[in-house]
Amino acid sequence: MTSAVPPPGVSDAPGSGVMIALRDVVRHFRRPDGGIYPALGPISLDVATGEFVAVVGPSGCGKSTLLHMVAGLHPPTSGSVLLGGAPVYGVSRTVGFLFQDDALLPWRTVAENIGLGLRLRKVSPAETHRRTGEWLARVGLEQFADHYPAQLSGGMRKRTSIAQALISDPSVILMDEPFAHLDAQTRYLMQMDLLDLCAGGGRTILFVTHDLDEAIGLADRVVVLSAGPNSRICADERVGIARPRDLLTLRGHPRFGELSALLWRILYEQVRGSYAR
Ligand code: ADP
Ligand code: MG
C-alpha cells in the first residue's frame, strides 16, 4: 500500500497544525506582447507550524513568485493560499520578510532601522528602545547602533535586516535568497546566526534559495521546484538531521551526502531542461 505516503508538498509532520497551505495554486503573468506566461502551478504545499521548509529550483522557475503569494504581495491566478487556515488577502502583520537586497533605510541608524517595525505598530518608545537594545546585542551590533547602513559591511547590514525582521516576533518568516549576495565566509556566519536565532523557536520558516547545500543545512524539509513554465514540486524530502547542527561538519554527515546526491540529480535535470528551453 502506498496510501500512507503523502504526495509531494503535503506535510506529514506529526502532531502540529498546518501554518502555510497552498492549494492548487497557479500563477500566470502577462507577457510584454500581451500573451500569457503560465509561470507556476498547480502547486499544493503544506508547511507545518514550526517547520523550516527550503524551496530550491532553477533560476526563473517561480520561487520568488511563490513566496510573494504567501506574503500577500500578489494573489494567485487560481487556487488558494492560507496562513493559519485563513486565506491570505494582503500583507499580514504576523509575517516577517528577509529578502536578497536589504530594505534598510539609508538615512536611519542601525538602531532606528531595527526598531522601525515596532514604531510603525505604535509600540511605546520605551518598549521599542528596550527591544531594540536586546536585538542589537543578539546580532552583535551594540557598538554600531548609531552607524548608518552605508558604514556597515555586507554581513552587518544582513544582521541588521535579520534583527529588523525578527524584532516583531513574527510567527511566520519568509526569506528569499537572503544570503545570495554575501561572500562565502560571511554567508556561512549568517547561516549559523540564522540557525541560532530562528530554528526551534516555534517559528514557521519558508526559505527560498538556489543553493542546495544551504537548503539541506538549514531546513527540516527541502522542496524542489521544476523548471517553468508550469513549474511544479518535483521532489519533497525530509532532511532528518538532528539539531543543533554544526554547518562546518554537516557535509560529513552520511544523510547530508545521500540527500545532496539525490536532490542534485533532480535539480541538475531541471536546470538542464530550463537551459534547453
Ligand atoms: P525565481 O525566483 O525562481 O528566479 P521568479 O518567481 O522571479 O523566479 O519568476 C518566475 C517566472 O515568472 C520567470 O519566468 C519570470 O520572468 C516571470 N515573472 C515573474 N514576475 C513577473 C512579472 N511581474 N511580470 C511578468 N513575468 C514575471
Ligand atoms: Mg527569485
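Q: Among contacts in the protein chain between residues at least 6 apart in sequence, what percentage join residues at least 24 apart?
A: In this predicted model, the share is 70%. The chain behind that figure contains seven helices and ten strands.

Q: What percentage of the residues count as buried, and what does the accessible surface come to?
A: Burial is read from relative accessible area, with under 20% as the cut-off. By that criterion 47% of the 277 residues are buried. The accessible surface of the protein chain is about 13300 Å², and carbon and sulfur atoms account for 55% of this area.

Q: Which residues are around ligand 1?
A: A shell is read from the residues with a heavy atom within 4 Å of the ligand. Here they are Phe-29, Tyr-37, Ala-39, Pro-58, Ser-59, Gly-60, Cys-61, Gly-62, Lys-63, Ser-64 and Thr-65. By class, five are nonpolar, five polar and one charged.

Q: Which elements each supply at least two residues of that shell, and which gives the most?
A: The shell can also be sorted by secondary structure. β2 (36–48) and α1 (63–71) each contribute at least two residues. α1 gives the most, with three.

Q: Which residues place polar atoms by the oxygen atoms of ligand 1, and at what distances?
A: On the backbone side, an N or O atom of Gly-62 is 3.0 Å from a ligand oxygen, and a polar backbone atom of Lys-63 is 2.9 Å from a ligand oxygen. From a side chain, a polar atom of Thr-65 lies 2.5 Å from an oxygen of ligand 1. On its own, ligand 1 has 560 Å² of accessible area, and the protein covers 58% of that.

Q: Is α1 mostly covered or mostly uncovered, and which of its residues are buried?
A: A helix can be read residue by residue. α1 is mostly covered, with seven of its nine residues buried. These are Lys-63, Thr-65, Leu-66, Leu-67, Met-69, Val-70 and Ala-71. Lys-63 and Thr-65 also belong to the residues around ligand 1.

Methods: Residues are numbered from 1 along each chain as its sequence is written. Chains are lettered from A and ligands numbered from 1 in the order in which they are written. This is a predicted model: local features need pLDDT of at least 70, side-chain atom pairs count only at pLDDT 80 or more; totals for chains, interfaces and linings use all residues. Side-chain values use heavy atoms; hydrogens and water are left out. A polar contact is a pair of N or O atoms within 3.5 Å; within protein, one must be able to donate a hydrogen and the other to accept it, and residues adjacent in sequence count only if both atoms are side-chain atoms. Accessible areas come from the Shrake-Rupley method with a 1.4 Å probe; for residues, only the protein chains shown count as cover. Helices (H or I, at least four residues) and strands (E, at least two) are DSSP runs, numbered from the N terminus. Ala, Val, Leu, Ile, Met, Phe, Trp, Tyr, Cys and Pro count as nonpolar, Asp, Glu, Lys and Arg as charged, and the others, Gly among them, as polar. Buried means under 20% relative accessible area, exposed over 50%, partly exposed in between (1.4 Å probe, protein chains only). Contact means heavy atoms within 4.5 Å.
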